[in-house]
Amino acid sequence: MRKRPRTSFGTPIVDVWQREVGELSTRNFAHRIGASEDLVLRLDILRKLEKHRGCVNTVSFNADGDILVSGSDDRRVVLWDWETGRVELSFHSGHNNNVFQAKIMPYTEDRSIVTCAADGQVRQAQILERGEVETKLLGKHQGRAHKLAIEPGSPHIFYTCGGDGLVQQFDLRTGAATQLFTCLSLHDHSYTPIVHLNAIAIDPRNPNLFAVAGSDEYTRLYDIRKYKWDGSTDFGQPTDHYCPSHLIGDEEVEITGLAFSDQSELLVSYNYEFIYLFSRDMGLGPNPAPASPVSMDSDAGGMGAGHHSTASPSDIDVDVKVGPQVYKGHRNCKTVKGVNFFGPKCEYVVSGSDCGRIFIWKKKSGELIRVMQGDKEVVNCIESHPHTTALASSGIETDIKIWTPKALDRAILPTNIEKVCFFILKWIF
């Protein structure tokens, strides 16, 4: 008797069936669907948010996910109802140069917004009744204040970093700015002892831990519990350092973006190089051993990204523990780009590129699965929605693009995407 051919059902169909018969909880069903590759392949522009008159340097959702806040070269901050495209509020930030970061403090009814900018200032905007806004100066960096990070779940505490290498903690209850430390280079022969900081991120699973990175190859991890508030000890010593082994000693790279996953993994984006994912146990310790400069001969130039090796750390040093996951294909040469996770459990990695595209990789394997045109020039910011399958992106253009899985057909990854990016950047440079 011939056996009947076995029917193959897609995973989403099986998930629906399991939910209906009670074998899969509603929460797990939502997580599985939200992480579905099918939805990622159907991402398309829902709408463009148009109000700014300059490059949009920052986009961020509030905790509930119903409001998006943006900041721009026009020095204005805009609050959006992103689902309808309606501007809820637009006001001047009080900065006298480009706004680099704007975030809504949690548990403040979306009335407290903190910003930092190219003028070095750190400010707070308080939304009063009838839409009136008061802004005030909280502190200042010498040079640009690139990024800020809010302590998870706190309506009061946030950190900033800047081009002066300074890391500060702010408490909105007192308005006080505490200068924690200035980040110093590990290279004795460096022309400047200060690391100009581009990025800061706080571990959502352990808010005592935060990471900073900038104009050298290391991401430094700090524990705020080791800081003595009476200033009796030096807090400048990191608890750990992270760097791919082949970049140790390379004084030409720098880091433009950082992000923590919900599993405390650390995502690091290098300019003229790639993106790397570190687990906590991949650290080099508080005093990493120096290494000789890497060889200038590599095949990275064939991809148009620069002079660095494309080999993974595990290929270079096989006797050492497994190196970080690497994500390739995008180009990060022209601007200070962020990097982020995407999906209910951070199943994907997303980044902008100098070719104006958005790149999406599978986190575990590093496989590139999606490329989307996000800007005519450069995509700098990509923000994941906190609860649903949606993205906000911005770059050199003056609009913000909202992406949702609305496409009828699944997108197909271009087979020649790396060559396309290479020739675009070759023409640019």
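Reader: Which residue in the hairpin of β12 and β13 takes a positive phi?

Author: Gly175, with a phi near 75 degrees. The hairpin has four residues between its strands. Bear in mind that this is a predicted model.

Reader: How many bridges pair those two strands, β12 and β13?

Author: Six, in the antiparallel sense. β12 covers residues 166-171 and β13 covers residues 176-182. One of the pairs is Asp171 with Ala176.

Reader: OK, other sheets. What is the strand order in the open sheet of four strands?

Author: The order is β18-β19-β20-β21, and the pairing is antiparallel. β18 and β21 (325-327) are the edge strands; each has a single partner, so one side of each has no neighbour in the sheet. On average, neighbouring strands here are turned by 20 degrees against each other, direction ignored.

Reader: How many bridges join β18 to β19?

Author: Five, and the two strands run antiparallel. Ala259, for instance, has Leu267 in β19 as its bridge partner.

Reader: Changing topic. Which residues touch the most other members in the largest nonpolar core?

Author: Leu258, Leu266, Val268, Tyr270, Tyr276 and Phe278, out of 23 residues in that core. The elements giving two or more residues to this core are β14 (197-202), β15 (209-214), β18 (255-260), β19 (266-270) and β20 (275-278). There is another core apart from it, with 18 residues, including Tyr222 and Phe235.

Reader: Why would such side chains gather like that?

Author: In soluble globular proteins, nonpolar side chains tend to be buried together.

Reader: Back to Phe278. What does Phe278 touch, beyond residues up to four places away in sequence?

Author: Tyr242, Cys243, Pro244, Glu265, Leu266, Val268 and Pro324.

Reader: Now Lys136. Where is the place of Lys136?

Author: In strand β9, residues 133-140. Its relative accessible area is 43%, so Lys136 counts as partly exposed; the range for that label lies between 20% and 50%.

Reader: What is Lys136 in contact with, leaving aside neighbours within four places in sequence?

Author: Val122, Arg123 and Gln124. As for Ser93, 43 residues apart from Lys136 along the chain, the C-alpha atoms of the two are separated by 9.2 Å.

Reader: Last, the whole protein. How many helices and strands are there?

Author: Five helices and 28 strands. The protein has 429 residues, and 54% of them are buried. Among contacts with a separation of 6 or more, 53% come from residues 24 or more positions apart.

Definitions and conventions
Residues numbered from 1 in each chain as written. Predicted model: local features only at pLDDT ≥ 70, side-chain atom pairs only at ≥ 80, totals over all residues. Heavy atoms only, no water. Buried < 20%, exposed > 50% of the residue type's maximum accessible area, 1.4 Å probe, protein only. Contact = heavy atoms within 4.5 Å. Core = buried A, V, L, I, M, F, W, Y, C linked by side-chain atoms within 4.5 Å. Pairing = 2+ DSSP bridges. Axes fitted to C-alpha atoms, helices over the stretch in contact; angles between N-to-C directions.
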